[in-house]
Amino acid sequence: MKWHSEFLPCWFQYIATVDNIWSLTHLEHLTTAQAIWNCKMLDIPHTLALTDKPAFCLLKQRMYEWCSGMGDRAVKAIAAFFDQYKEFSSPEVCAGYTTWAVPEPKEHVNQHGWKILVPPQLYPYMWQTVDESNPEDMVCYICWY
């Protein structure tokens, strides 16, 4: 079905770029959803609306399920990462590693005047750029070995 194979993947790709994925009441989201609909659902003419219309409500529900599923998978991935290494033997050690590996985002005001969090320019663990100069430094050493 085009809804699952064409429309939703485009919508998810768009929604992944949005500052606040939990609030879809902005007209720009409806405009984008309508543009995707017009491009991908040519054989089903329809005008989407923000409230009380089944198509956009279903779209929001699928998006919330997608986000929730992504969160569930992230929790499992983090647990699996820490479970791989005996060095992560306590919550304190895991917290120390996390503090090192995940820099705090910075708050920024966007062009609409909304406060948003901007991720740091560099997430070394995501790109496998690890300082391996000191194999005795457990934080550096265990990342990819």
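This report describes the predicted model of one protein chain, from its overall layout to its local details.

## Overall layout

The chain holds six helices and two strands. Read from the N terminus, these elements follow the order α-α-α-α-β-β-α-α. The chain has 145 residues, and 28% of them count as buried.

Contacts can also be sorted by how far apart the two residues lie in sequence. Among the contacts in the chain with a separation of 6 or more, 47% come from residues 24 or more positions apart.

## Confidence in the model

The mean pLDDT of the chain is 78, and 81% of the residues reach 70 or more. Helix H4 (residues 91-101) has the highest confidence in the chain, at 89, while helix H6 (residues 138-141) has the lowest, at a mean of 42.

Two stretches have a pLDDT below 50. One of them covers residues 124-129, and it has six contacts in the model beyond near neighbours in sequence. Another covers residues 138-145, and it has 20 contacts beyond near neighbours in sequence.

Helix H1 takes in residues 2-15, which makes 14 residues. From its first C-alpha to its last, H1 reaches 18 Å, close to the 20 Å expected at 1.5 Å a residue.

Several residues of H1 are buried: Trp3, Phe7, Leu8, Trp11, Phe12, Tyr14 and Ile15. An α-helix has 3.6 residues a turn, so residues three or four places apart point the same way. What do the buried residues of H1 pack against? Their partners are helix H2 (27-40) and helix H3 (54-83).

Trp22 lies in the loop between H1 and H2. Beyond its neighbours within four places in sequence, Trp22 is in contact with Tyr64, Cys67 and Ser68. Trp22 is also 9.1 Å from Lys60, C-alpha to C-alpha, although the two are 38 residues apart in sequence.

His29 belongs to helix H2. Is His29 buried or exposed? Its relative accessible area is 2%, and buried means under 20%, so His29 is buried. Leaving out neighbours within four places in sequence, His29 has contacts with Trp11, Tyr14, Val18, Ser23 and Leu24. Of these contacts, Trp11 and Tyr14 are among the buried residues of H1.

The loop between H2 and H3 contains Thr47. Thr47 has a relative accessibility of 66%, and exposed means over 50%, so Thr47 counts as exposed. The C-alpha atoms of Thr47 and Trp37 are 8.6 Å apart in space, and the two residues are ten apart in sequence.

## Aromatic rings

A pair of aromatic rings is described by the distance of the centres and the angle of the planes. The model has 15 aromatic pairs. One of these joins Phe81 and Phe88, with ring centres 5.8 Å apart and planes at 45°, so the pair is tilted. Phe88 also pairs with Tyr97; here the centres are 5.2 Å apart and the planes stand at 65°, so this pair is edge-to-face.

Phe88 has 10% relative accessibility and therefore counts as buried. Tyr97 is buried as well. Which residues do the ring pairs link into a cluster? The cluster is made up of Phe81, Phe82, Tyr85, Phe88, Tyr97 and Trp100.

## The hairpin

Strand S1 (residues 106-109) and strand S2 (residues 115-118) run antiparallel and are joined by four bridges.

S1 and S2 form a hairpin, with five residues between the strands. In the turn, Gly113 has a positive phi of about 85°. In a regular strand the side chains alternate between the two faces of the sheet.

How values were computed:
Residues numbered from 1 in each chain as written. Predicted model: local features only at pLDDT ≥ 70, side-chain atom pairs only at ≥ 80, totals over all residues. Heavy atoms only, no water. Expected span 1.5 Å × (residues − 1). Buried < 20%, exposed > 50% of the residue type's maximum accessible area, 1.4 Å probe, protein only. Contact = heavy atoms within 4.5 Å. Phe/Tyr/Trp six-rings, centres within 6.5 Å; stacked < 30°, edge-to-face > 60°. Pairing = 2+ DSSP bridges. pLDDT = per-residue confidence, 0-100.
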